[in-house]
Structures are given as C-alpha cells and as structure tokens.
Amino acid sequence: MQLGTRWAAGSEPPASVPAALRPAIAEAEANLAGSSSLPSSGYWTLTWLEGRAIAELDAGWEVLQTASGVVSRPFED
C-alpha cells in the first residue's frame, strides 16, 4: 500500500486524485451532507493498493477503483 494524499471533506480533491474517482467522491459527500456521518472536519485519504486508487473518508466511507477499472463505493446502502 502506498499513501497518496489527504484533503478536507467538502473541498476540491487534489490533482493526484484520479478523475475516475471524483464523481463518486462528490456523490458520497452529497449523500452524507445532511447526516451526522460526514464530520465537518473530516478528511479523505488517498492510498494505492496494487496500483489501484482508494479514497477513504475518516468516517469509514470508501471509493475505490477495481482491477477492471470500475469505480465502486463498497459500503453504500
């Protein structure tokens, strides 16, 4: 696993966040915006596992790219 970067929830993701993940990150934040699950001071962490990007919010939400290139939010309801 390789650590990429961190950024505040609700802010623009850094340039190092793959374009494929950005819509799913925005969607996750929009879904959590009205709930207590999105901490106002929460941070996303970008890591790389086996060459695939994974963005994880402190609250435990993940957005990742599978081996086939599909973007997924594995813990969504």
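**Close-up 1. Glu50 in the loop between strand S2 (43–49) and strand S3 (52–57).** In this predicted model, the backbone of Glu50 has a phi near 50°, a positive value in a residue other than glycine. Most residues other than glycine have a negative phi. With a relative accessibility of 66%, Glu50 counts as exposed, and its side chain meets that of Arg52 in a salt bridge with an N to O distance of 3.7 Å. Arg52, for its part, is partly exposed, its relative accessible area being 27%.

**Close-up 2. The salt bridge between Asp58 and Arg6.** A search of the whole structure finds 3 salt bridges, and in the one formed by Asp58 with Arg6 the closest N and O atoms are 3.6 Å apart. Because Asp58 lies in the loop between S3 and strand S4 (62–65) whereas Arg6 belongs to strand S1 (residues 2–8), the pair ties together parts that are 52 residues apart in sequence. Asp58 is partly exposed at a relative accessible area of 45%, and Arg6 is likewise partly exposed, with a relative accessible area of 45%.

**Close-up 3. The salt bridge between Arg22 and Glu12.** Side chains of opposite charge can pair when their charged atoms come close. Here the side chains of Arg22 and Glu12 meet at 3.2 Å, N to O; Arg22 lies in helix H1 (residues 22–32) and Glu12 in the loop between S1 and H1, so this pair ties together parts that are 10 residues apart in sequence. Arg22 is partly exposed, with a relative accessible area of 23%, whereas Glu12, at 64%, is exposed.

Key: Residues are numbered from 1 along each chain as its sequence is written. This is a predicted model: local features need pLDDT of at least 70, side-chain atom pairs count only at pLDDT 80 or more; totals for chains, interfaces and linings use all residues. Side-chain values use heavy atoms; hydrogens and water are left out. Helices (H or I, at least four residues) and strands (E, at least two) are DSSP runs, numbered from the N terminus. Buried means under 20% relative accessible area, exposed over 50%, partly exposed in between (1.4 Å probe, protein chains only). A salt bridge is a side-chain nitrogen of Lys or Arg within 4 Å of a carboxyl oxygen of Asp or Glu.
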